[in-house]
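Please read them with the structure open.

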Amino acid sequence: MRRRIGEAVSRAWWAALSVVGLTPRRWERLPRLARRAIVTVLWLGIGLVLVWKFGVWKTSALAVAAVVVLLVVPPYRRLGVRGTPVGAWIVPAAVLAIAVAYPYYNTSMPQLPIFGPFPQMSTMVGMGVFAMMALGLNFVVGYAGLLDLGYVAFYAMGSYMAGWFASSQFAKQNVSFGAVDLLPGTTGFHFSIWLVLLMAGIATAIIGVLIGLPTLRLRGDYLAIVTLGFGEIMPQIARNGDSLFGTGFNLTNGTGGITPIDGPGFGHTLHHYLRLPANYLNLGENADRAFFWTALALVLVTIFCSARLRDSRLGRAWIAIREDEVAAAAMGVPLMRTKTWAYATGAFFGGVAGAYYASYNGGAFPDEFFFNISVFILCMVILGGMGNIWGVIFGACFLEYLDREGLANIGAWLNGRFGPGGSLAEVWHKPLDVPLYEFGIFGAILVIVMLFRPEGLIPSSRRAAEFHEGVHDQPLYDASA
Amino acid sequence: MAEPLLLTTGLRKEFGGLVAVDDVDFTVPEESIVSLIGPNGAGKTTFFNMLTGVYKPTAGQVFFAGEDMTGRPPHRFTQRGIGRTFQNIRLFQNMTALENVLVGMHVRLKGNLFEAIVRTPRVRREEAGARKRARELLEFSGLRGKDEEIGRNLSYGDQRRLEVARALATQPKLLLLDEPTAGMNPQETADFTAFVARLRGEEGLAVLLIEHDMRVVMGVSDRVTVLDYGEKIAEGAPEAIQKDQRVIEAYLGTAAVTT
């Protein structure tokens, strides 16, 4: 059915174009650069008209269009200086620069139709944190091909690590190390958040190994079920950990969660010499900006590690296991150890992201660690494209944006245009609360992606091939017959 | 030769009530080519899978280079020096030929997670060396210029060759080939037979073959072992096996012999 729809669309498309004298053959004869330029300009033109007609127009829309043309059209990949392919770095570097500068221009952006204004800074922080978690899950799901339905356990572990080592949770202790702006008489562990991030990563990786060792022997569906179980156990421990094993030892402060958690900061010495913020929480309305840049830096580190590991001996072993476990073992890849490394690496980044988010939110609360978060992160990986770093980041940013702002904006647009304030007011009396249907909508997105583009929106070429041609589950040639 | 490279004693595998391999004693001396033949379903591949740790034997032991390997996981066998190919080609189909061979080198490389992230000079050197050796291996196996070809896109014969190259990348002392010439035309089969002989000659490898093509078996083997219903029914030089009464019965049925 998918193919038939595609054919119909393409036939209609060319029929329309032949009116202006453009036939497929003439199109093919155009140089590649011209074709790309025409397609990009066409799409942007449609976009600009939509913004102008249905959104809120600002002149910056033209600047956005110009930047997109500059990024997409010229063949940077072919650029090289004395044989070094510097060209491949131009687009990522430009995208990074655009992201870094985002706080300076996000309020002067035009409003898109349906989606409304560009995301706020707090949403951008969330996008960074979830991009990191999705990249962490990508080690397990995308690279090693193991289905993990309990990733939220690592997020929770990271958050609680921040709760234990950067708050007054353990009031009998009084240990501080590098924490900024502590009031005199503060009790509990107070380590510098940067140290806590690392500690959270390591502790979570250890939890990952502990969970992994007994479970990774299982295959496919069984592994998914067991990880699901662990994903349920962790928040239960968090919820009921205010009197651990009935001893009265308050580990997690129960349903109240641990709050407040210290904010990050570089301290007054570094502030004095390098102008780095001494304490993010004292920055006032610029705090989100600092949190966003820090999240961006953490995401960059994660991207770096993802890329390096993917192209290493270990990464090859992960992909080999994903493709054919038996053959990988026969080629000398130790299955258990290699899978456990994937699990631990994924857990590490989940833990760091969790700790950072806890510091940003100022607390770790058990309500945040439900099963739906596991599915949410998994959706990001699947929607974006398993195994592809850029795809996963895109999936994470898009879904987190929908979760934080997008759906509410869409709802407001729907209600305003058609609902109680719009054209269908007679039958549509009550405003529709779109964010309420969030997981239904995500589920629908997932089903649509699985039906029409199982490899995700921006897939790795290898993963795309696996989805369309299949992996070696069945013998390809049965030579004994 | 004093001590055989590979030795099994009373190796047995049962699947439920079915005895797939029935107490087989078996040896492969160093630098020899041994063939394992038998009718379909005789338990040859099951036997193979026990020699590589894919199956754990129900009873009996596997010794390799004097070491008891029984019950070890597959990668230990590879580490000790047993490389194998599969009856139904099992390449990493969406990886390039070069990457396939590099996975085969996994046990011979050392770079760990942290070194991979930092990309230390040692890892750089190791990776560069591995890539160079992988290219050489591909060329040696007759896949020159196909380094970047995706596994699935290779022709059938090339896929077989790549499987052997990948197995060789593990630097085996003993190479296990499971029906390597299945589906090959006579010319390819002849080339492959010569290639196996060359492996023994130049690399000093011992080779254990499962094979149906009798020209290959008789042409290249030092010794032939025959399995039937999981039992070893004959063992010896190729010429002797050809005349063995039980072997003829197993292949052609008792009726063919008695009448």
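1. How many helices and strands does chain B have? Chain B has eleven helices and ten strands. Here helices (H or I, at least four residues) and strands (E, at least two) are DSSP runs, numbered from the N terminus. This is a predicted model, in which local features need pLDDT of at least 70 and side-chain atom pairs count only at pLDDT 80 or more, while totals for chains, interfaces and linings use all residues. Residues are numbered from 1 along each chain as its sequence is written, and chains are lettered from A and ligands numbered from 1 in the order in which they are written.

2. Chain B has a radius of gyration of 19 Å, close to the 18 Å that the globule rule gives for 259 residues, so it is as compact as a globular protein of that length. The radius is taken over C-alpha atoms, and the rule is 2.2 Å times the number of residues to the power 0.38. The C-alpha trace of chain B spans about 70 × 40 × 35 Å along its principal axes.

3. The domain assignment of chain B, automatic or from a database, gives domain 1 (1-81 + 174-259) and domain 2 (93-171). Their C-alpha centres lie 27 Å apart. Eight residues of domain 1 of chain B are in contact with seven residues of domain 2 of chain B (contact: C-beta atoms, placed from the backbone, lie within 7 Å). Helix H2 (residues 74-80) of chain B gives the most to the domain 1 side, with three residues.

4. In chain B, four strands form an open antiparallel sheet in the order E2-E1-E4-E5. Two strands pair if DSSP finds at least two bridges between them. Strand E2 (18-28) and strand E5 (67-68) of chain B are the edge strands, each pairing on one side only. Seven bridges join strand E1 (residues 6-15) of chain B to E2(B), and B:Lys13 stands opposite B:Val21 in E2(B).

5. Helix H1 (residues 44-51) of chain B lies across E1, E2 and strand E4 (59-64) of chain B, at about 60° to E2(B). Axes are lines fitted to C-alpha atoms, for helices over the stretch in contact, and angles run from 0 to 180 degrees between N-to-C directions.

6. Between the chains, 35 residues of chain A are in contact with 35 residues of chain B. H13(A) gives the most to the chain A side, with seven residues.

Notes. Contact = placed C-beta atoms within 7 Å.
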